[in-house]
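I opened my notebook for this one and wrote down what I looked up, step by step. Come along and check each entry against the picture.

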Amino acid sequence: KDEIARFIKSLNLGTRSTNLFYERLKAVFDWGVPDFLEENPMSEVKYRKQIRKKVVRKKPNAPTLEEFAQIVNCIRNQKFSDTAQDSADLVEYLGLAGQGVAEANSLDWSHLDFSGRLPKISVQRKKTQEFYIVPIHPDLMIFLQALHTRRGKPKSGKVFKILNPKKAIDSACAKLNLKKYTARNFRQMNIIHNLRSGVAAKIIAKWQGHQDGGVLIMNVYSEVISENDLEYEINEVKKIAQRKN
């Protein structure tokens with residue numbers, strides 16, 4: 001047994017490979033019990049146990065809706081920038097639609113449908129290249145229709161002219177003396193707002209192009225929505241149906 005343990009150790013394998021080697025070797029010796037061996041010599045050989053590290057997710061660094069509005073206005077009102085309007089348009093869309101820069105870059109006017117009972121956007125997910133549907137809520141509708149009109153109501157073509165709003169966001173945050181936010185934080189802001197508004201996590205996940213039914217959304221944002229103020233907790237309690245006496 002000691003020789004087997006030393007042999008396994010001498011292989012200098014990783015934890016996962018050591019465990020696999022141990023299990024296979026144990027299975028081989030099992031074949032010899034009881035015909036050729038009284039007991040399996042691997043039964044008492046110690047091996048490495050794989051320790052799973054706890055994944056610690058960082059709390060989303062999302063701005064408030066008020067801070068978001070200030071950032072958009074600050075970018076849009078830049079006096080000496082020929083890209084101020086285009087940058088502000090992109091940033092405003094990211095927050096209102098809850099989308100990432102990559103998805104916004106691939107957005108074409110032909111992907112927008114303002115008609116029907118549920119106006120929608122066909123968004124192409126950068127990672128998979130597959131399309132998923134995002135509904136156009138009233139505030140997003142006002143923004144998109146105004147932008148569409150301003151652009152001459154095109155039927156196709158890229159919606160946004162700016163690829164990366166980082167410099168505009170950094171500059172606005174500095175001028176407003178706010179924390180340094182990123183485009184990703186505006187997407188997080190949108191998700192948090194939807195959760196606090198009572199939208200189901202699985203629906204939000206669908207709008208994000210996720211296929212897990214909201215598991216990732218709840219894992220990342222459960223702490224954020226649970227730490228809200230007393231008023232939010234009171235509103236949640238009101239949702240519980242009272243038993244009639």
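**Entry 1: The whole chain**

I began with burial, and found that buried residues make up 37% of the 245 residues in the chain. I kept in mind that this is a predicted model.

Next I looked up the surface. The chain exposes about 16,600 Å², and carbon and sulfur atoms supply 53% of that area.

Then I turned to contacts between residues at least 6 apart in sequence. Of these, 60% join residues at least 24 apart.

**Entry 2: Helices and strands**

How many helices and strands does the chain have? I noted eleven helices and three strands. Reading along the sequence, I wrote down the pattern α-α-α-α-α-β-β-β-α-α-α-α-α-α.

**Entry 3: The sheet**

I followed the strands next. They form an open sheet of three strands in the order β1-β2-β3, and the pairing is antiparallel. Which strands are at the edges? I marked β1 (112-113) and β3 (131-135), since each pairs on one side only.

I then zoomed in on strand β2, residues 120-124. Five bridges join β2 to β3, and the two run antiparallel. For one residue I looked up the partner as well: S122 has I133 in β3 as its bridge partner.

My next stop was helix α3 (residues 65-76) with helix α7 (residues 166-175). Their axes come within 9 Å and cross at roughly 110°. Angles of 65 to 115 degrees count as roughly perpendicular. The pair α3 and α7 is therefore roughly perpendicular.

Which residues meet there? From α3 I listed I71, C74 and I75, and from α7 I listed A168, I169, A172, C173 and K175. Sorting the residues of this contact, I got seven nonpolar, no polar and one charged.

**Entry 4: A single residue, V28**

I ended with V28, which is found in helix α2 (residues 15-30).

Notes. Residues numbered from 1 in each chain as written. Predicted model: local features only at pLDDT ≥ 70, side-chain atom pairs only at ≥ 80, totals over all residues. Heavy atoms only, no water. Axes fitted to C-alpha atoms, helices over the stretch in contact; angles between N-to-C directions. Helix = DSSP H or I, 4+ residues; strand = E, 2+ residues; numbered from the N terminus. Parallel < 35°, antiparallel > 145°, perpendicular 65-115°, else oblique. Contact = heavy atoms within 4.5 Å. Nonpolar A, V, L, I, M, F, W, Y, C, P; charged D, E, K, R; others polar. Pairing = 2+ DSSP bridges. Buried < 20%, exposed > 50% of the residue type's maximum accessible area, 1.4 Å probe, protein only. Areas by Shrake-Rupley, 256 points an atom, 1.4 Å probe, with all protein chains shown as cover.
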